Amino acid sequence: PKPLPIPLVRRLTTSHNRHSSLIARHDHRQQHSHRHHRQRLSFLPKITTLAMSTSTTSQSTVVTSGILGGDYAGLSATFSSKTGELVPVPEHLVPESMIEWGEIPSSLETLSSEDWIGDGDDTELAKELERITISVLPEVGCGIDNLEVTKKSNRFSHDVSRLESWRLQQPERELVTIDRMGQQLDMETIFQIDPVVDENDKTCPRRLHVSLSIDTPKETEDPVLSKLITLQVQRQSSPHSTQGTAWSGPSYNSGGLDARSVMNTIGKDIVYGDVFAVKKMKGGGDPWDLVSDTAEMDGDAMGILEGKWTKTVISPENNDVDDVVEIQRNAGEFDCDENTSIVTIRLPQNIMVRYGRGVSRETKDWAIEVSHLGTFAADGKTRLHRRISVRSLGGECVSTENDVCNWCALGDISYEVEVGSTALA
């Protein structure tokens with residue numbers, strides 16, 4: 001039977017009613033103090049919540065995303081969901097000569113072409129996102145003048161997908177989450193990062209794209225994360241989608257795609273930028289570029305997250321800031337040990353993924369957190385800030401008229417921003 005449409009807005013409202021009440025019960029007086037204190041924290045970023053629902057039952061206005069749509073070219077690498085270690089490109093995709101010389105690539109070159117598909121020209125109509133992904137297979141010798149590619153097409157249809165977007169106004173940073181239910185629960189988290197000026201003095205938007213899948217075998221069992229997490233570093237090569245034809249190859253080469261065209265599309269900053277910290281880690285460095293050399297030598301990379309932070313919690317119930325609280329983070333809070341079921345892994349590009357029971361402080365349900373650590377300047381000072389998406393699975397299910405709620409499988413989702421109270425040197 002065809003699954004029912006996902007009543008996105010109602011689900012999120014239900015989730016955050018429960019979330020808000022839990023916070024309120026935690027310490028009413030403390031929250032009142034923080035709300036008052038919030039007016040004096042001039043360095044807090046301004047946040048806008050954008051509902052980009054693909055659900056036909058949603059009453060939200062569809063808002064155009066700044067980091068979805070058009071052509072995005074970049075590099076794609078996979079990492080272990082247990083350890084965070086980089087997993088090289090599968091050998092069946094690599095020429096034998098590369099395997100013999102021990103030169104198996106750590107990443108693939110990719111092009112993502114994204115279109116908003118819908119009837120009519122009204123931007124307020126619920127539309128579906130369609131993505132065509134071209135991946136270039138490794139090649140050597142004369143093969144680099146006629147590269148082979150694989151092509152994959154995905155459409156995030158109304159009845160099984162959820163899209164949400166949150167945007168920082170200062171600095172301008174967007175975060176998009178895309179969840180889709182199929183044989184597995186596929187989750188994507190996309191972070192807007194600093195743009196780059198290309199070789200033609202054109203400013204190109206950039207993004208980090210984190211993808212993973214989750215199995216939910218039985219209600220009595222915890223979800224199981226896929227073995228691999230995919231991280232893509234991409235820059236926009238065109239604001240208009242070419243539906244993958246940008247990498248069909250130039251006419252002068254009889255339609256063959258060559259390595260030079262691929263590199264020019266991706267950009268030298270990504271191709272030669274050690275974006276997955278391969279060279280850095282071989283030299284004993286840390287995958288995060290925000291970790292100081294001293295912390296690397298002392299083995300205290302996670303110390304960057306210690307100290308006082310101001311956390312802004314976003315409520316989709318009113319598309320506004322739900323609360324602002326101060327937290328004191330101690331050493332070892334994100335460490336993995338035998339006494340906790342939480343797994344914490346750090347990936348290049350200052351990405352952190354945490355999953356297990358206890359990730360969300362407001363619920364004991366199994367949850368997964370994907371976050372990006374960056375910096376921003378305000379009041380003449382530079383501070384750390386962490387953008388966080390949290391999905392909680394296994395919570396209370398709200399029945400529908402037909403007693404079927406396929407959308408419950410997508411779980412609850414929330415967004416938080418943490419800002420370090422101490423300015424960086």
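**Reading rings, charges and a helix in a predicted model**

Modeller: Arg329 lies over the face of Trp309, at 5.7 Å from the ring centre. This is a predicted model, in which local features need pLDDT of at least 70 and side-chain atom pairs count only at pLDDT 80 or more, while totals for chains, interfaces and linings use all residues. Residues are numbered from 1 along each chain as its sequence is written, and side-chain values use heavy atoms, with hydrogens and water left out.

Biologist: What counts as a charge that sits over a ring?

Modeller: NZ of Lys or CZ of Arg must be within 6 Å of the ring centre and within 35 degrees of the ring normal. Another case is Arg207, whose charged end sits over the ring of Tyr72, 3.8 Å from its centre.

Biologist: How many aromatic pairs does a search of the whole structure find?

Modeller: A pair of aromatic rings is described by the distance of the centres and the angle of the planes. Rings of Phe, Tyr and Trp (its six-membered ring) pair if their centres lie within 6.5 Å; planes under 30 degrees apart count as stacked, over 60 as edge-to-face and the rest as tilted. The search finds three such pairs. Trp166 and Tyr415 are stacked, at 5.0 Å centre to centre and 25° between the planes. Trp166 belongs to strand 7 (residues 161–168) and Tyr415 to strand 19 (residues 412–420), so the pair ties together parts that are 249 residues apart in sequence. Strands (E, at least two residues) and helices (H or I, at least four) are DSSP runs, numbered from the N terminus.

Biologist: Are Trp166 and Tyr415 buried or exposed?

Modeller: Buried means under 20% relative accessible area, exposed over 50%, and partly exposed in between (1.4 Å probe, protein chains only). Both Trp166 and Tyr415 are buried. Tyr355 and Trp366 form a tilted pair, with 6.2 Å centre to centre and 45° between the planes. Tyr355 is likewise buried, as is Trp366.

Biologist: Which residues are buried in helix 4?

Modeller: In helix 4 (residues 259–266), the buried residues are Val262, Met263, Thr265 and Ile266. They cover an arc of only 160° around the axis (taken from the directions from the helix axis to the C-beta atoms), which puts them on the same side of helix 4. Just after helix 4, Gly267 takes a positive phi of about 105°.

Biologist: What do the buried residues of helix 4 pack against?

Modeller: Contact means heavy atoms within 4.5 Å. The partners include strand 2 (70–80), strand 12 (228–238) and helix 5 (268–271).
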